[in-house]
Amino acid sequence: MIYRADPQLFSTYPGYVRGLVIVRRAINIESPIDEVLRMLLGAQRTIRQRADLETPSSQPNIAAWREAYRAFGAKPSEYPSSIEALVKRVRRGDDVPYINTLAAICNSASLRYIVPIGGHAIDVMQADGELRLGFAHGEEEFIPFGGGPIEHPNPGEVIFTYNTSTVLCRRWTWRQGEFSKLQRTTTAVEINVDGLPPVTRADVDLICNDLATLVGMYCGNAPTEVKMLSEDQPEVEL
């Protein structure tokens, strides 16, 4: 499977990188694993205690995503990035649910590092398919979690797609769709770790390797591989 990022993303957003953690043969149970649950709860506790998150929108990592959203025409107050929405949820006292092992690992890491992290099941995709991160034309189709009416992204919106027309995530990191959601039956997954300055490529590499270690530990010794999409390498093979 080929995974491409539009080169224009890197010229429009200098310093942007997307780290990838590719996981095979994962065991993704729904019942909480004690150590993973402790990580998720501990990350939430730390978020509630951090003084620099009293106003989440001004935290540098989150502020960078607000500027990026404005640049492609999305109001961050109406469509917050996934990390801003997650932090605000935790700060107001709402717990992040333990959906399954992979989701819990992704959410806890996202909170610890204050970066958007999203996992997508790739065992529902064809081996000769294509994943793409780029700008929407507007006719692509997105089905939200749980189903519902088909949505079409706004032209120019940053979207993540499978085979051009199926939208896996709208507004870059804002909302994932039904097609590639992580489930108990998911065995193959790719995890996106998005880094905009001040988050560096080295930071993203560290986060990806941390995730790879955790997934290997708690998802049945699942084999993992780390790759990077960047200005000098906008295409990789999974």
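Student: Which side chain meets arginine 18 in a salt bridge?
Tutor: That's aspartate 194, with an N to O distance of 2.8 Å. Keep in mind that this is a predicted model.
Student: Where do arginine 18 and aspartate 194 lie?
Tutor: Arginine 18 is in strand E2 (residues 17-23), while aspartate 194 is in strand E8 (residues 189-195), so the bridge ties together parts that are 176 residues apart in sequence.
Student: Are those two buried or exposed?
Tutor: Arginine 18 and aspartate 194 are both buried.
Student: OK, over to the helices. What does glutamate 84 meet in a salt bridge?
Tutor: Glutamate 84 meets the side chain of arginine 66, at 2.6 Å from N to O. Glutamate 84 belongs to helix H4 (residues 82-91) and arginine 66 to helix H3 (residues 60-71), so this pair links parts 18 residues apart in sequence. Both glutamate 84 and arginine 66 are buried.
Student: And arginine 70, which side chain does that one meet?
Tutor: Glutamate 67, in a salt bridge of 2.5 Å, N to O. Both residues sit in helix H3, 3 residues apart, which is about one turn of the helix.
Student: How exposed is arginine 70?
Tutor: Arginine 70 is partly exposed, and its relative accessible area is 41%.
Student: Which residues do salt bridges with shared partners join into one network?
Tutor: Arg4, Glu130 and Glu235.
Student: Last one: how many salt bridges does the structure hold?
Tutor: There are 16.

How values were computed
Residues are numbered from 1 along each chain as its sequence is written. This is a predicted model: local features need pLDDT of at least 70, side-chain atom pairs count only at pLDDT 80 or more; totals for chains, interfaces and linings use all residues. Side-chain values use heavy atoms; hydrogens and water are left out. A salt bridge is a side-chain nitrogen of Lys or Arg within 4 Å of a carboxyl oxygen of Asp or Glu. Helices (H or I, at least four residues) and strands (E, at least two) are DSSP runs, numbered from the N terminus. Buried means under 20% relative accessible area, exposed over 50%, partly exposed in between (1.4 Å probe, protein chains only).
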